[in-house]
Structures are given as C-alpha cells and as structure tokens.
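Q: I have the model open here. Can we go through it piece by piece?

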Amino acid sequence: MSRGTIQGREDFLNLISEKIGRPRSEHVERPEWQAQPQWDVFADENTDQLLERFKAQCDNIHTKVVETNADGLREAVAETIGGYESESVIMWDDDRLERAGLDEGFRSQMHTLGVETFVWDTLKGEDSIEFAERAGVGITYSDMTLAESGTVVLLNSPEKGRLVNLLPENYIAVIPRSSIVPRMTQATRRIHERVQNGEDIPSQIHFVSGPSNSADIEMSLVVGVHGPVRATYIILGDV
Amino acid sequence: MPLRVGEKDFQTRVNRGLEDAFMRGTVRSAQEQLRTRKQASSEELGDWEAWRTLGEEIRTHTLEHLDYYLEQLSDKVAERGGHVYFAKTAEEGNAYVRQVAREKEAKKIVKSKSMVTEEMSLNDALESDGLEVVETDLGEYILQVDDHDPPSHIVAPSLHKNRAQIKDVFADKKGYENSDNANDITRFVRGELREEFLDADIGITGCNFAVAESGTISLVTNEGNGDLVTALPKTQISVMSMERIVPTWEELDVMVSLLCRSAVGQKLTSYITALTGPKSEDEIDGPEDFHLVIVDNGRSDILGTQFQSALHCIRCAACVNVCPVYRHVGGHAYGSIYNGPIGAVLTPLLDGYEDNKDLPYASSLCAACTEACPVNIPLHEHLIAHRQIITEKENLGPMPEKWAMKMFGTGASAPKLYRLGSKQAHRVMRPWTKGSRISNGPGPLKAWTNFRDLPAPSSERFRDWFAKRRRSNSDE
Ligand code: SF4
C-alpha cells in the first residue's frame, strides 16, 4: 500500500504547542492511569457466569439467543432462517463456519429447501455486494464476544466482508463459547497488543450489539432503520 | 448549518421555547428517560467515580500532549494509505472536501452525523457546488427534509418534533402515505435511504474518537448508518475536531464505555465501528480512498486557558439531560448546535462573547451538569468564569449581574463555591424574591420566571430541590 499524503501539519501542530506554552512534544509515554476500574468488571466470573450475563443482556438488546453444540448447529441455523421466512442467505467465507457445519453439504440442504445461499467471494466483487443487498439473512462468526454488552466483535478481512452483517434484513452470529470475555476492555487490549507488536490490524473492526435501532422519533425505540431488523446469536458449545 | 442557528436574539429564542408546551413535554420526558437509563447503567459499572476519574485523567493527558498524538495519528493514517489534511479554519476544511469531491467528480454524498461538519457549514459549501448531500442519521434526516430545521439536542437532534409533525414532514416532502407510527415512518425512511447509499460517490462521517497508535477512526452509533456510509461509497472522508483523540485502543475502551452510558444509558451502542485506512486491495467493500480532515476552527485558542477542560467534552449530552434550564427553554433557545450547559460553555469560546453573552446566564448554577459529566468538566465553574469575563472585562453585563458576579466569583473549589454562591445568591437575588420563590428573575431568567416561579436559592440549594422534585415525581 502506498503511503498517503499529510498536508498542513507543521503549522497546525506548532500552533498547538505554542498555545499550550511549551515546545513540541517529541516523545510522550502513556502514563500508568491512577484508576483502572475497567479491569475489575466481572473479573472473577468464569465462562458459565459470563455466558449467563451475556444471555441476560441479549434480552435488553432485542436479540434472540440459541444454544447448541457442534451436532446441532446446522439445525439451529436452518431453523432460524426458517423462522425469518428468508429465501436467501449470505455468509462469510470463513473456515470456522465451514468447520462448524455450514459447509457445502449444508448449502445443498438449504438449496433443496428452496433457500439460495451465497458465500462472500472476493473474486466476484460487486456480485457479493449485490447479493448481500437482497439476501434475507447474513451470517458471520464472532471473533470475540463481550458478556457485558452482548457484543460480537468482527475482525473484517477480504473473506469476511463488512456488509454481510449489515445489509440483510436478518443477522445471525455464530458464537463459539470460548470466545467470551467480560467486556470491551479485554478485546481492546488484544488489539492494542497487536499494534504494539507491529502487526497490521484489520481495516475495519466492528463491535455489533444486536439489531440496528433508533430512538429519534419521540424517544421510542424502533429497529432496523439502516441495518438488520432482527438478530439471533447462536452459541456453539465447545466439543 | 453553522455553529449559530435560529433567531439571533436570545430572549426571543427563550420565549419561543417557553411558549412551546409540546416541546417542553418531550424534552422533559426525554431528559427523565435518558437520565434514568444513564443512572441504571452507570451503577452497574461498579465504581462510577473511579471511571470518571479515569476518564478525566485520560482526557487531561491527551490534551496536554495533543500535538504529539495528532502527529502520531496522522503518520499512522498515512502509513495505511490514507490522506490527512490539517485544517486551521472551517473554510480550509470545506475547501479540502470540495476539492476531493471535484477530483472524484462526485454527485451524491451520504453523511453520518457529525457536529463538526455542522459547525463548519460543510453541507452548504458542498451544495453550493451543486452536490447532493444526504444526512442519513434518522434524526438528522428528519431535520434536513424539514427545510434544515436546527437540531435541539446533542444526541437526539429531532427531539422537539412529535410523530405527527414528523409524519407531516415526510408526507409533504417525500410523498409518505402511511401512519404516524414510529415503526411505519422508520420503514419508509429505511427504503428511501437504502437507495441513497447505493448511489453515493462519497461518504462523509465525523469521528467519535481517533486512536493515535494505529491511525483508527471510531464511530459510535445505534443505527448502523455510519457503517453503510463507510462501506458503500468508493471514497470516505472523515472529519474530526482536533481534540477527539485517544492514545491507544485501551483508552478507546474507556472513552467509548463512558460515552455510551452517559449518552443513552447503554453498555455499548449497537455499532462501534473502528476504521483504519482505506480497504485493502483484495477487500471488496469499504472505501478505496480514505481522507481524514483534522479541524481546529478556534479550538487552539482554548488551549492553555482556564477553559481548556471544555475540550475534554465527549458530546454525551449527560449535562444537557440534567439541566433544569434546558428542560424549560429547550435546545433551540441556545441558538447553537452545541446546546445545554456544554453549549453555554463552548459556544462563546468558539464564537466569541459578543453574540453569545446571554448563554452563560442560561444556567441556575445548580452544578447538576458538573456532577453528571463523565469526564469531570467543571461546567458550572466555567459558566461562572464566563460571567466574570462578561461583566468585568467585556463590560457587557447588566448591573445586577455584575453585582451577582462579585458574590459568585470568589474562586473557591466547586462544592464550596456552589454553597457559598447559593448562600450569597439569596442576598443578591433578594430584590426579585417573593417568599421562597423568585418570581421575576433578572436577565434571561426573566422569561423563565414569568412562566414559572424559580425557587430561590436560599434555604434550599437548587440541586437538592431538583433531586427532591424528581423523587416526589410531581414535576410541573
Ligand atoms: S460536557 Fe461532559 S456531560 Fe456535557 S456533553 Fe460534554 S462530556 Fe457530556
């Protein structure tokens, strides 16, 4: 990737340091913050407790939760799609979804039931976007899951398109039980560590908590103003 | 829409607000709802005071080293192939965005809510070049369709409109034929806006927080429009005011947590989107071209002054949601896109005292705003300092206020100052006090007290009175 341009920086930053009343800051160490309450939140809870917390929060964010194991995943997904009365499904091109059972076999089963499936395809470019726009359901896999807020963290990549969880009217997240952490604190620390190690981070990281909503009309909650109208989280127990 | 909106005269705006019984009803119930939700969800976080202390510490450190962090941010954005433009003024920022639009031969632009672009009147600038600009946040869209009605709240901009009015706006302007049910209206808007997204050449967003260590821009929304604005058009331009930055992802966590709880009482909003540069070559969605415009527009003049902490603001509107004056006069009375207590502090700093000298008086100095602020900005002290400057230096204030200022402005710490202030205020306010009520307050309080008696600050402090009133639930 070629480097981008920076314009107008020197004068702008010189003015700032002049107003603050000292020379330009050349090196700044981030201090050790005096208070760090974020680490105490649910710090002593185990995965079972965090999962209970997660499920309770999903009620607040209008998101259905289904629990299953590796054998039951296909059925749970199929039932959810059926419940949404959707005829088309788009999903990430993600090994983990394949391995969990949403593979070729699953797709042909869907086909016999009259449901068209499409796997996000970097080679098909605009076609993937068009399919996402008309699909009834989008399916992604959660990279990290936050108990406190009922959030799935999606680390996007070429195979894991940004629009899969946004454009379709219904959203399904497959959530491995092992991905659960107390809150955003743990997720952002992992990303921070990647940055510190000099790794590139994804061009988009998406924290998604339930369906799209708004309270802009008389403060009453409405769903689906831009993104999905309904969301289901399918929690996959470890095998 | 510039920083200043609506009628020029403060008194006229206040009167209009007071006359609008509907607006007051909605504002009141919104305040209650937002405040109760905030309280509940901040209690869950455990030690809320420790969170506030952390928030304040992070903001103070970042602002003190703003030049360093902005340099790091811009380097990181450029490393990832994004372009950064530092704009000292609104005009410079607008000119840059217009130039990008020209280079891209753009026709349509979709935007997600951004206060700094409002402050810059960016939409006007783009429209004067013949571009179509569509605000996609539901509240902002309603206002835009209604002939650019100004926003009345920081997080809920169309708060002053009821369903019937909103329905009429869409019926008149967009041929909407369904009911005034919020769900029906939303469905309609969803359809309208989907088309706009798919057609747009450029997406423009604000930035809630930029992360210096990685060159990341974050957007905090519930609707997901920010995500569509950044995923569909080929070009993305994010405009940030220069202070909206954190050192690393770890501070992003803290600031986002404080923002979501304080703004809407949620643990996290439905979408937090963190964008780093343009899409990679083999990604199919996301912008090919990414621009970050970093805007000063008068902010550097606040650095190094007694008002520096006003730049710590994360625009959560918690101060707005507890303000008794806002409750009575509504957001339009402030005449600024920044309303409520933070608007009364920030507007004179960004726009000068001359046109905004009444704003610091639109406060009861009850300090509820200061207590609500998640980053501990001493809002009521800033208001007192403004009044001092107005009465002493600028010589713009009326006599009674000058007198009052001597009493308030004795420079003690906040709670002490307030206690002292409210004790002394009894004496200062005596000429207007009948029994325990002030029935004909000075200055801007006049219109308010014409309408409703203000409790005198003597025997009972305003915040205690306010808390009691809230408990007894007999407001009005
Ligand atoms: S001043 Fe504080 S409470 Fe008011 S909007 Fe800013 S951060 Fe929120």
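Q: Where is Cys323(B) found?
A: Cys323(B) sits in the loop between α13 (318-322) and α14 (324-329) of chain B. Helices here are DSSP runs of H or I with at least four residues, strands are runs of E with at least two, and both are numbered from the N terminus.

Q: Is Cys323(B) buried or exposed?
A: Cys323(B) counts as buried because its relative accessibility is 7%. Buried means under 20% relative accessible area, exposed over 50%, and partly exposed in between, with a 1.4 Å probe and protein chains only.

Q: Before going on, what kind of model is this?
A: This is a predicted model, in which local features need pLDDT of at least 70, side-chain atom pairs count only at pLDDT 80 or more, and totals for chains, interfaces and linings use all residues. Residues are numbered from 1 along each chain as its sequence is written, chains are lettered from A and ligands numbered from 1 in the order in which they are written, and side-chain values use heavy atoms, with hydrogens and water left out.

Q: Which residues are around the ligand?
A: The residues around the ligand include Cys313(B), Arg315(B), Cys316(B), Cys319(B), Ile342(B), Cys373(B) and Leu379(B). The cut-off is a heavy atom within 4 Å of the molecule.

Q: How many of the shell residues are charged?
A: The shell has one charged residue, no polar ones and eleven nonpolar ones. Ala, Val, Leu, Ile, Met, Phe, Trp, Tyr, Cys and Pro count as nonpolar, Asp, Glu, Lys and Arg as charged, and the others, Gly among them, as polar.

Q: New topic. Why is β10 of chain B called largely enclosed?
A: Seven of the seven residues of strand β10 (residues 289-295) of chain B are buried, so the strand is largely enclosed by the rest of the structure. On one side Asp289(B), His291(B), Val293(B) and Val295(B) are buried, and on the other Phe290(B), Leu292(B) and Ile294(B) are buried.

Q: Which way does β1 of chain B pair with β10(B), parallel or antiparallel?
A: Strand β1 (residues 83-87) of chain B and β10(B) pair in the parallel sense over five bridges. Phe86(B) stands opposite Ile294(B). Two strands pair if DSSP finds at least two bridges between them.

Q: How many bridges join β7 of chain B and β10(B)?
A: There are seven bridges between strand β7 (residues 235-241) of chain B and β10(B), in the parallel sense. Thr235(B) stands opposite Asp289(B), and Ser241(B) has Val295(B) as its bridge partner.

Q: What is the strand order in that sheet?
A: The order is β1(A)-β1(B)-β10(B)-β7(B)-β4(B)-β2(B)-β3(B), an open sheet of seven strands with parallel pairing. At the edges stand β1 (6-7) of chain A and β3 (132-135) of chain B, each with a single partner strand, so one side of each is left without a neighbour in the sheet.

Q: What about the sheet with eight strands?
A: That open sheet has mixed pairing and runs β9(A)-β6(A)-β7(A)-β10(A)-β9(B)-β6(B)-β5(B)-β8(B). Its edge strands are β9 (180-181) of chain A and β8 (245-246) of chain B, each pairing on one side only. Within the sheet, β7 (residues 151-155) and β10 (residues 204-208) of chain A pair in the antiparallel sense over four bridges, with Leu155(A) partnered by Ile205(A).

Q: What is phi at Phe42(A)?
A: Phi of Phe42(A) is near 55 degrees, a positive value in a residue other than glycine. Most residues other than glycine have a negative phi. Phe42(A) lies in the loop between α1 (9-20) and α2 (47-60) of chain A and counts as buried at 14% relative accessibility.
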